[in-house]
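Me: I have a model open and want to go through a few local features. Can you take my questions one at a time?

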Amino acid sequence: MNIEPKLQAIEKEFLDIEERMGDPATASDPRALQDLGKKRAQLEPVVEKYRAYRAAVASIAEARDLLKGGDPEIAELAREELSELEPQIENFEKELTILLLPKDPNDEKSVIVEIRAGVGGDEAALFAADLYRMYTRFCERQRWKIEVIDSSLIGLGGYKEVIFRIDSHGAYSMMKYESGGHRVQRVPVTEASGRIHTSSATVAVMPEVEDIEIEIRPEDLKVDTYRSSGAGGQHVNMTDSAVRITHLPTGIVATCQDERSQIKNRARAMAYLKARLYALEQEKQNAEQASERRGMIGSGDRSERIRTYNFPQNRITDHRINLTLYKLDNYLDGDLFEMIDAMILAEQTQKLEHLEE
């Protein structure tokens with residue numbers, strides 16, 4: 001696969017962008033300058049890698065010329081340089097090919113995550129709480145900010161449902177692999193006989209969307225306010241700060257009562273509603289492109305069972321890539337990095353195979 005023409009075109013585009021950013025007319029237009037700066041940042045890693053690759057190719061050509069010069073000492077130095085440079089070329093080509101793979105347009109976005117207890121009653125709700133804590137610990141390791149949008153607790157400390165926002169540039173690129181069905185195998189705290197039960201929870205990871213990406217007509221919304229019923233002291237029961245927004249055409253309901261301010265609750269509920277509508281539209285598009293999407297790791301089908309958490313064996317298995325790790329305790333404490341790296345590598349491999357078909 002000859003990637004040279006594509007790399008040359010990208011470098012030309014990069015140079016054109018730099019020239020336009022230096023134009024006084026562009027400097028006076030903050031929006032245009034911002035858009036160009038964003039595009040330049042996207043192209044820069046490819047251009048830097050391509051220039052390093054070209055420099056290595058030039059050095060190899062120069063060393064090969066020195067081999068023909070007849071001076072034994074210089075020839076020996078040239079051979080040493082070639083032994084170092086030639087293996088780098090293959091690595092450069094692999095890295096450049098990966099950099100040229102199609103990018104998910106949502107990768108740079110913040111996300112909204114929805115965890116719901118599935119089969120298993122109270123134990124499923126406790127597992128949903130474990131997943132929420134796991135993602136919270138992961139976000140702490142990443143220094144990502146979390147904001148709860150809505151939650152429904154049970155008495156044992158579990159969640160029937162918890163919806164939260166992860167506010168970080170690029171969160172979707174790492175969290176998107178979590179969408180799907182999660183299964184747990186363990187002895188529940190409510191089980192007196194010590195038998196292992198299997199319960200489940202579902203996770204949906206949705207990219208946060210901007211107003212320009214999805215249009216919601218005011219007449220399609222029914223907005224209700226009511227008094228909050230969760231934790232938060234006396235204030236939550238004294239004012240109508242909780243917000244429920246119903247999207248009439250789809251029946252999707254978004255609620256938020258975590259903040260004391262009705263305005264903040266409404267903003268969070270709207271963010272969740274937009275993400276749900278955007279995800280619904282994506283699901284329709286994916287269904288229309290089923291033959292292309294089938295088997296893709298980042299497809300985000302929440303009905304698909306993606307992972308099993310086996311407590312007696314301290315084992316976690318991802319069924320999409322057949323990867324098993326015997327470090328469930330670390331994983332539940334937020335150390336998701338090895339699994340995420342494996343998912344990214346598997347998706348890149350799939351994309352490379354599609355390119356070569």
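**Notes on a predicted model**

Reply: This is a predicted model.

Me: Where does L221 lie?

Reply: L221 is in strand 6, which covers residues 221-226.

Me: And what does L221 touch, leaving out residues up to four places away in sequence?

Reply: Its contacts are I216, I245, T246, H247, M270 and L273.

Me: Switching to rings. How many aromatic pairs are there?

Reply: The structure has seven. One of them is F127 with Y309: the centres are 5.3 Å apart and the planes are at 70°, so this pair is edge-to-face. F127 belongs to helix 5 (residues 122-142) and Y309 to strand 9, 182 residues apart.

Me: Are F127 and Y309 buried or exposed?

Reply: F127 is buried at 1% relative accessible area, and Y309 is buried at 0%. Another pair, F138 with F337, is tilted, with 5.3 Å centre to centre and 55° between the planes. F138 is in helix 5 and F337 in helix 10, so that pair ties together parts 199 residues apart in sequence. F138 is buried at 0%, whereas F337 is partly exposed at 26%.

Me: Which residues do ring pairs link into a cluster?

Reply: F127, Y309 and Y331.

Me: Which charged groups sit over rings?

Reply: Among them, the charged end of R54 is over the ring of Y50, 4.7 Å from its centre. R244 is over the face of Y226, at 4.5 Å from the ring centre.

Me: Backbone next. Which residues have a positive phi without being glycine?

Reply: Two to look at are N314, with phi about 50°, and N322, with phi about 55°. Most residues other than glycine have a negative phi. N314 is in the loop between strand 9 and strand 10 and is partly exposed at 25%. N322 is in the loop between strand 10 and strand 11 and is exposed at 68%.

Me: Last topic, the largest pocket. What lines it?

Reply: Its lining has 39 residues, with Q42, K103, D104, D107 and E108 nearest the centre. They divide into 16 nonpolar, six polar and 17 charged. Helix 3 gives the largest share, 10 residues.

Me: How much space lies in that pocket?

Reply: About 1500 Å³.

Methods: Residues are numbered from 1 along each chain as its sequence is written. This is a predicted model: local features need pLDDT of at least 70, side-chain atom pairs count only at pLDDT 80 or more; totals for chains, interfaces and linings use all residues. Side-chain values use heavy atoms; hydrogens and water are left out. On a 1 Å grid over the protein atoms alone, a cavity is a set of points where a 1.4 Å probe fits but cannot get out, and a pocket is an open set with protein on both sides within 12 Å along at least five of seven lines; lining residues have an atom within 4 Å of a point. Grid points are joined across faces, edges and corners, and a volume is the space filled by probe spheres set on the points. Helices (H or I, at least four residues) and strands (E, at least two) are DSSP runs, numbered from the N terminus. Ala, Val, Leu, Ile, Met, Phe, Trp, Tyr, Cys and Pro count as nonpolar, Asp, Glu, Lys and Arg as charged, and the others, Gly among them, as polar. Contact means heavy atoms within 4.5 Å. Buried means under 20% relative accessible area, exposed over 50%, partly exposed in between (1.4 Å probe, protein chains only). Rings of Phe, Tyr and Trp (its six-membered ring) pair if their centres lie within 6.5 Å; planes under 30 degrees apart count as stacked, over 60 as edge-to-face and the rest as tilted. A charge sits over a ring if NZ of Lys or CZ of Arg is within 6 Å of the ring centre and within 35 degrees of the ring normal.
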